[in-house]
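Please read them alongside the structure.

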Amino acid sequence: MSTSPPSGAHEVGPLADLRGEGHRVVRVDGRAILVVHHDDEVFAVDNRCPHMGFPLARGTVDDGVLTCHWHHARFALSCGDTFDPWADDVPSYPVSVVDGVVYVDPHPERDRPPEERWADRLDDGLERDLRLVVAKSVIGLLDAGVPPAEPVERGVLFGVRYRADGWGPGLTILAAMANVLPDLSTEDRKRALYQGLVEVAGDCAGEPPRFEQDAFEDRSISRERLRTWLRDTVEVRDSDGTERCLRTAIAAGYSPQALAGLLLTAATDHRYLDGGHTIDFVNKACEALDHVGWEHADAVLPALVTSLTDATRSEELSSWRQPVDLAARLDETFDRLDDLVAEGSGKAWEEPEAFVETLCADDHERVVGALENAVAAGATPKQLASAVAMAAATRVARFSTANEFSDWNTVHHTFTYANAVHALAERVSEAGHAVDEAVYRAVFDGAVNVYLDRFLNSPPAPIPDLQQSTESVDALLDALDDTMDREGGVDEAGRVAASVFDAGGDPEVVKERLGAALVREDAGFHTFQALEAGFAQADRREDWETRTCLVAVARYLAAHAPTRREREQTFTIAARLHRGETIHGE
């Protein structure tokens, strides 16, 4: 028994009254606190169930266990700790009894800072695939001032460790969302991280962990030999050998540029691996390391191995062999690639007018020939990668809704692949001749796939002409939001996005609205990719090309919206709980 109430304590009422009532709810500074008399002791916890905010005063206490009647979450009454990890612990409060009166301290010092607690809860959410816990953790971390790179790091390291198949869609989405954070509002950055981390957790749920191979003990193996070994092991689909080669390069201290070049070289010995996903995974893994630090390369990059060794090789597909043997045609180009590069040495190439339109032609010889001539005229891998990426974006912007819905995936794959090649070309631009050749091969692969997608622009959806808009930018942005709230708004979304530009709207505002639309949807893997690739390409361009890239994003998002928005409902609950709002009547 205390002799006087602690400083700052709030009076609950006479102990005798509480004993007779069993429990009482008191409100202090807007907070509802449940005070319970049980087993001749007094306890106090927050009245809101930490799971979804149901009043715990409507629950029951038995044998020291407080049970919420909404989802049956159970808590140790003495400390608030939960039996059910999905529910979270309920905050508890010190109580004292002075002269027969019960007091509660509504502002106790907590044992742990919020950033530490929420980091641990994020780990729990990832390990158990608990969306609500992930949402609460992201909100708690960012509101505590934790940089976004820290939850990204936890998600990346978790994802590469606990998925035997290695790098996959979840990690790609997380890296994509990390990339677009600067384009989003403060609240939508939380949504974006939540979406990416939820995808990582889902990818790892029920999967066995990865078991690592060791690097070779000899760190002095020449770079040329190690590159040959890596390519040879990928060629025969030897994942163990490939991993040991890659880990040896990392252990030998290869630079980020050299490691990216090594992976790109192995990823371009065969045509358009896994429908473009392999190159995109390589690029996203590199971008993830840009966010979390290249000191984690040894944990992250080996997760790419199976996407190299187990990938479908497009020369094995009939679409690349019939009616035209496109793989053989590119083999001819690659056999003379050294000569073409030598011919262009010392020359400065400028992209001809309508070069992108040439790359969208329906004649494969015209497409391949244009690229060959460009190389011979001195075009760099980076220049051609940019042009092919723009051609692929144009295919998306012109996608005809007369096609089957699943055909969106076809133009999408080419676009995200081409965007990845463009990004990697910039990353490895000083990595040497062997890597330049790899980028050229990737560029030609992308261009051939742009050619294969030609029928999906038949008839082409027109990219809206430049015109003076009579509507305000704000009205147009609201109209763009509306296209995401109903089906069938594909062409309207493209028109409105273009009109924002024509009305003098800032591309950054368009990106923020499109990003806001995406992070509220139960979007699929490809939709996340499409937005991030479109933003990346828009940032690299000006005027008409920027406009076209964002028209492509708007059309793709509108085609895949609206969804049930279940994840947004979960996020909204988490945000309201974090703000201390009453969700259910108390």
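1. A cut-off to begin with: a residue is buried under 20% relative accessible area, exposed over 50%, and partly exposed in between. Arg 540 has a relative accessible area of 31%, so this residue counts as partly exposed. Keep in mind that this is a predicted model.

2. Arg 540 has a partner. Its side chain meets that of Glu 426 in a salt bridge, at 3.0 Å from N to O. Glu 426 belongs to helix H18 (residues 407–427), while Arg 540 sits in the loop between helix H23 (525–539) and helix H24 (543–559), so the bridge ties together parts 114 residues apart in sequence. Glu 426 is also partly exposed, with a relative accessible area of 33%.

3. Next, a pair with unlike surroundings. Arg 329 and Glu 365 form a salt bridge through their side chains, with an N to O distance of 2.8 Å. This pair links distant parts of the chain: Arg 329 is in helix H13 (residues 326–335) and Glu 365 in helix H16 (residues 364–376), 36 residues apart. Arg 329 is buried, at 11% relative accessible area. Glu 365 is partly exposed, at 36%.

4. The side chains of Arg 495 and Glu 492 meet in a salt bridge of 2.9 Å, N to O. Both residues lie in helix H21 (residues 490–502), three residues apart, or about one turn of the helix. Arg 495 is partly exposed at 31% relative accessible area. Glu 492 is partly exposed at 30%.

5. Which residues are linked in a network of salt bridges? The members are Asp 88, Arg 117, Arg 121, Asp 124, Glu 127 and Arg 128. Over the whole structure, a search finds 49 salt bridges.

6. On charge: the chain carries 57 positive and 103 negative charges. Their mean positions are 1 Å apart.

7. On the fold as a whole: the chain has 25 helices and nine strands. Its C-alpha atoms fill a box of roughly 95 × 70 × 40 Å along the principal axes. Among contacts with a separation of 6 or more, 73% are between residues 24 or more positions apart.

8. On burial and surface: of the 586 residues, 56% count as buried. The accessible surface of the chain comes to about 24,100 Å². Carbon and sulfur atoms account for 46% of that surface.

Conventions: Residues numbered from 1 in each chain as written. Predicted model: local features only at pLDDT ≥ 70, side-chain atom pairs only at ≥ 80, totals over all residues. Heavy atoms only, no water. Salt bridge = Lys/Arg side-chain N within 4 Å of Asp/Glu carboxyl O. Helix = DSSP H or I, 4+ residues; strand = E, 2+ residues; numbered from the N terminus. Buried < 20%, exposed > 50% of the residue type's maximum accessible area, 1.4 Å probe, protein only. Contact = heavy atoms within 4.5 Å. Areas by Shrake-Rupley, 256 points an atom, 1.4 Å probe, with all protein chains shown as cover. Lys, Arg positive; Asp, Glu negative; His and termini not counted. Charge placed at Lys NZ, Arg CZ, Asp CG, Glu CD.
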